[in-house]
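User: Hello! I am new to this structure, and I would like to understand the terms used for its helices. Could you take me through them?

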Amino acid sequence: MSSSNPVIRCENVTKVYGTGDEAVPALRGIDLEIQAGELFMLVGPSGCGKTTLISILAAILDATSGVCEVLGQDLSRLSKGQKNKLRAFNIGFVFQAFNLLPSLTAAENVAVPLFIQGVSRGKAIAKANALLEQVGLGGRQKSLPSQLSGGQQQRVAIARALVHDPKIIVCDEPTSALDHHTGQKIMELMRALAQDHGVTLIIVTHDNRIFSYADRIADMDDGRITRLLTAQDYQQEGH
Ligand code: ADP
Ligand code: MG
């Protein structure tokens with residue numbers, strides 16, 4: 001793994017929500033480099049800044065200060081349109097709350113990133129259907145989110161993050177609603193994307209059953225990365 005050309009590079013990134021008396025410091029100086037094909041996990045207590053950090057990495061949220069480069073581009077220098085384009089072509093995001101559109105079928109939800117890219121409906125739905133098969137939802141392609149269980153909705157959200165072959169996939173607790181077996185299957189799919197296609201994965205998780213899939217794991221606390229280890233060393237330290 002070369003450290004000369006990271007896919008993600010953060011230097012002293014901070015985030016403060018609100019201003020004045022209402023200011024909430026969420027990130028207090030994050031330094032981080034993540035390489036192509038790495039499967040990187042972030043672990044830490046609720047409120048420590050995990051969602052804030054991955055939202056900045058995914059160009060969904062702007063940092064307050066510091067430098068954040070994604071695929072060699074300094075996010076602070078990109079226009080809104082350029083950030084939208086970066087996301088549409090290069091980034092997949094699995095939201096903690098899934099964020100599926102209630103009036104669209106599972107396949108249509110998965111196809112949304114392709115619709116945004118301008119791919120034809122037929123092609124987009126075909127690709128979405130194939131991916132839903134891969135995450136174990138063959139036969140549920142025409143279901144609405146309200147007709148699916150939490151775990152099934154989570155798999156739809158994961159398929160949506162993969163459908164446009166992004167270079168970076170960012171996931172907020174992707175296995176939280178999945179049983180052990182399904183969680184392992186999803187992680188094997190993600191591991192294969194990283195190893196075979198050089199996709200970079202950044203995963204927020206509390207699920208110690210999936211730690212072994214990581215290359216590196218970072219602990220976060222109160223807006224800072226407090227420890228950064230290989231998955232092997234992390235587990236040897238008693239997790
Ligand atoms: P985590 O994902 O680790 O639970 P978050 O990144 O969601 O943490 O939140 C970090 C801190 O920022 C928390 O104190 C949270 O209350 C605060 N926060 C998050 N989002 C907002 C927001 N939109 N406005 C104000 N404060 C926020
Ligand atoms: Mg969160």
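User: What makes the crossing of helix 3 and helix 5 right-handed or left-handed?

Analyst: The crossing is right-handed, because that word applies if the near helix is turned clockwise from the far one by less than a right angle, and left-handed if anticlockwise. A word on the basis: this is a predicted model, where local features need pLDDT of at least 70, side-chain atom pairs count only at pLDDT 80 or more, and totals for chains, interfaces and linings use all residues. Residues are numbered from 1 along each chain as its sequence is written, chains are lettered from A and ligands numbered from 1 in the order written, and side-chain values use heavy atoms, without hydrogens and water.

User: Why are helix 3 and helix 5 called roughly parallel?

Analyst: Helix 3 (residues 106-117) and helix 5 (residues 150-162) pack at about 30 degrees, with axes 7 Å apart. Angles under 35 degrees count as roughly parallel, so this pair is roughly parallel.

User: Which residues of helix 3 and helix 5 make the contact?

Analyst: With contact meaning heavy atoms within 4.5 Å, helix 3 brings Ala106, Asn109, Val110 and Pro113, and helix 5 brings Val156, Ala159 and Arg160.

User: How are helix 5 and helix 6 oriented to each other?

Analyst: Their axes cross at roughly 5 degrees and come within 12 Å, and helix 5 and helix 6 are therefore roughly parallel.

User: What makes helix 5 mostly covered?

Analyst: Buried means under 20% relative accessible area (1.4 Å probe, protein chains only), and twelve of the 13 residues of helix 5 are buried. Among them are Gly151, Ile158 and Leu162.

Key:
Axes are lines fitted to C-alpha atoms, for helices over the stretch in contact, and angles run from 0 to 180 degrees between N-to-C directions. Helices (H or I, at least four residues) and strands (E, at least two) are DSSP runs, numbered from the N terminus. Angles under 35 degrees count as roughly parallel, over 145 as roughly antiparallel, 65 to 115 as roughly perpendicular and the rest as oblique. Buried means under 20% relative accessible area, exposed over 50%, partly exposed in between (1.4 Å probe, protein chains only).
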